[in-house]
Number of protein chains: 2
Amino acid sequence: MKLSKKAEYALRAVVAMARSSRTKPVPIQELSEVAHVPVKFLEQILLILKRGGILQSKRGVGGGYQLLKQASHITLAEVVRLIDGEFVPMSCTEAVAADGSPGGTCECGQQGGCGLGRSFSDLQHVVNEYLESQSIQDILQREQPDDVLVFEI
Amino acid sequence: MKLSKKAEYALRAVVAMARSSRTKPVPIQELSEVAHVPVKFLEQILLILKRGGILQSKRGVGGGYQLLKQASHITLAEVVRLIDGEFVPMSCTEAVAADGSPGGTCECGQQGGCGLGRSFSDLQHVVNEYLESQSIQDILQREQPDDVLVFEI
DNA sequence: CCAATTCTCGATCAAATTAGTCGAGAATGA
DNA sequence: TCATTCTCGACTAATTTGATCGAGAATTGG
């Protein structure tokens, strides 16, 4: 019941990019150092974020990655969903439709959604709403200024 | 980012036991059928729940498992924590103390807790509070009476 | 005491997932 | 043309997950 390292690294990378006031692209190599993420692993991650419309890239000298949107318009949910997929706490939540109406049959054998499915479906919504509510900008504002590592400009 | 099958099965088993009005112990075999969980796997699970103080067992003919507490006094949190351990959404939340005071150094390199750690620590609390708030009795009340399978008495 | 029943428990196992690496290649700019 | 930097598919090692197996110990009924 936790984020994958990949998602955690993705968040770290996006936060690090948002922290920098630099307008030039950041090479993977440099981002890797600031965010404490293995280079080749970060490579994969940034590619996913790019395909997901969060970043843009530029090749060659002076190239690297840049945020495509403002930090205040990128939510935790967006990043996490791209990497780890939707948060689904257990199999039976899938049988419960958004409006609570009966869906398919749960793996547990009951039809129209079981009590556990309903309860965990509520949890799913609580979590999603929280992740949607938090932007990368919000994260920056909760950092302690004295301990933060920023790119050199 | 989801419960293990083990935790899901544990919840199903506890809910099934709570559903039954029977006062005699339920054998693993029977529980396995009602809860749709493989017998030998369920065996392991029930043992954990027993050691965790949720169930009691009795051997021999007429033996089986029984809830040790009322359904209204068993929370989802209790069951899930026994099987899957504490919900910790990411590594950096560990560096944030319960009161928000600076803890150790995150894996991300920052000291006194990073912004991500603080935000996910909040999520952790939201989730824990939800799971603590929901009892097995609450789950029973959300079942649809017509579709539920109960033990024969 | 014997046999059937039922829990106990450690070992083992296959498949899936996770975390991370490698190396070749394509685009870009100087 | 060369250095730089992203692109991308393949690969691997370790871990976790989801089970299964089999021997054994307790309990009850006869």
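Colleague: Which residue in the turn between strand 1 and strand 2 of chain B has a positive phi, and what is its value?
Modeller: In this predicted model, strand 1 of chain B and strand 2 of chain B form a hairpin with five residues between them. The residue in that turn with a positive phi is B:G60, at about 80°.

Colleague: How many bridges join strand 1 of chain B to strand 2 of chain B?
Modeller: Strand 1 covers residues 55-58 and strand 2 covers residues 64-67. The two run antiparallel, and B:K58 has B:G64 as its bridge partner. The number of bridges joining the strands is four.

Colleague: In what order do the elements of chain A run from the N terminus?
Modeller: The secondary structure of chain A comes to six helices and two strands. From the N terminus on, the order is α-α-α-β-β-α-α-α.

Colleague: What share of the contacts in chain A with a separation of 6 or more is between residues 24 or more positions apart?
Modeller: Chain A has 153 residues, and 49% of them count as buried. Among its contacts with a separation of 6 or more, the share from residues 24 or more positions apart is 62%.

Colleague: Which residues touch the most other members of the largest nonpolar core?
Modeller: In soluble globular proteins, nonpolar side chains tend to be buried together. The largest nonpolar core here has 94 residues. With neighbours within four places in sequence left aside, the contacts of B:L49 include B:A10, B:V14, B:I54 and B:L82. The residues that touch the most other core members are A:L49 and B:L49.

Colleague: Is B:S32 buried or exposed?
Modeller: B:S32 lies in helix 2 of chain B, residues 28-35. Beyond its neighbours within four places in sequence, B:S32 is in contact with B:V37, B:P38, B:V39 and B:L42. Its relative accessibility is 8%, and the cut-off for buried is under 20%, so B:S32 counts as buried.

Colleague: Which element gives the most residues to the surface near DNA strand D?
Modeller: DNA strand D is surrounded by 29 residues, the closest being A:E43, A:K50, A:R51, A:Y65 and B:K40. Sugar and phosphate make up 61% of the atoms of DNA strand D that come within 4 Å of the protein. Elements supplying at least two residues each to this surface include strand 1 and strand 2 of chain A and helix 1 of chain B. The element giving the most, with five residues, is helix 3 of chain A.

Colleague: What is the distance between the side chain of B:Q44 and a base oxygen of DNA strand D?
Modeller: B:Y9 has a polar side-chain atom 2.6 Å from a phosphate oxygen of DNA strand D. For an N or O atom in the side chain of B:Q44, the distance to a base oxygen is 2.8 Å.

Colleague: How far is a polar side-chain atom of B:E43 from a base nitrogen of DNA strand C?
Modeller: Of the 29 residues around DNA strand C, those that come nearest are A:K40, B:E43, B:K50, B:R51 and B:Y65. B:K50 has a polar side-chain atom 2.5 Å from a phosphate oxygen of DNA strand C. For B:E43, the distance from a polar side-chain atom to a base nitrogen is 2.4 Å.

Colleague: How many charged residues does the surface near DNA strand C have?
Modeller: Helix 3 of chain B supplies the largest share of this surface, five residues. By class, the surface has ten nonpolar and eight polar residues, and the number of charged residues is eleven.

Key:
Residues numbered from 1 in each chain as written. Chains lettered and ligands numbered in written order. Predicted model: local features only at pLDDT ≥ 70, side-chain atom pairs only at ≥ 80, totals over all residues. Heavy atoms only, no water. Core = buried A, V, L, I, M, F, W, Y, C linked by side-chain atoms within 4.5 Å. Buried < 20%, exposed > 50% of the residue type's maximum accessible area, 1.4 Å probe, protein only. Contact = heavy atoms within 4.5 Å. Near = heavy atom within 4 Å. Polar contact = N/O pair within 3.5 Å; in protein donor to acceptor, adjacent residues only side chain to side chain. Pairing = 2+ DSSP bridges. Nonpolar A, V, L, I, M, F, W, Y, C, P; charged D, E, K, R; others polar.
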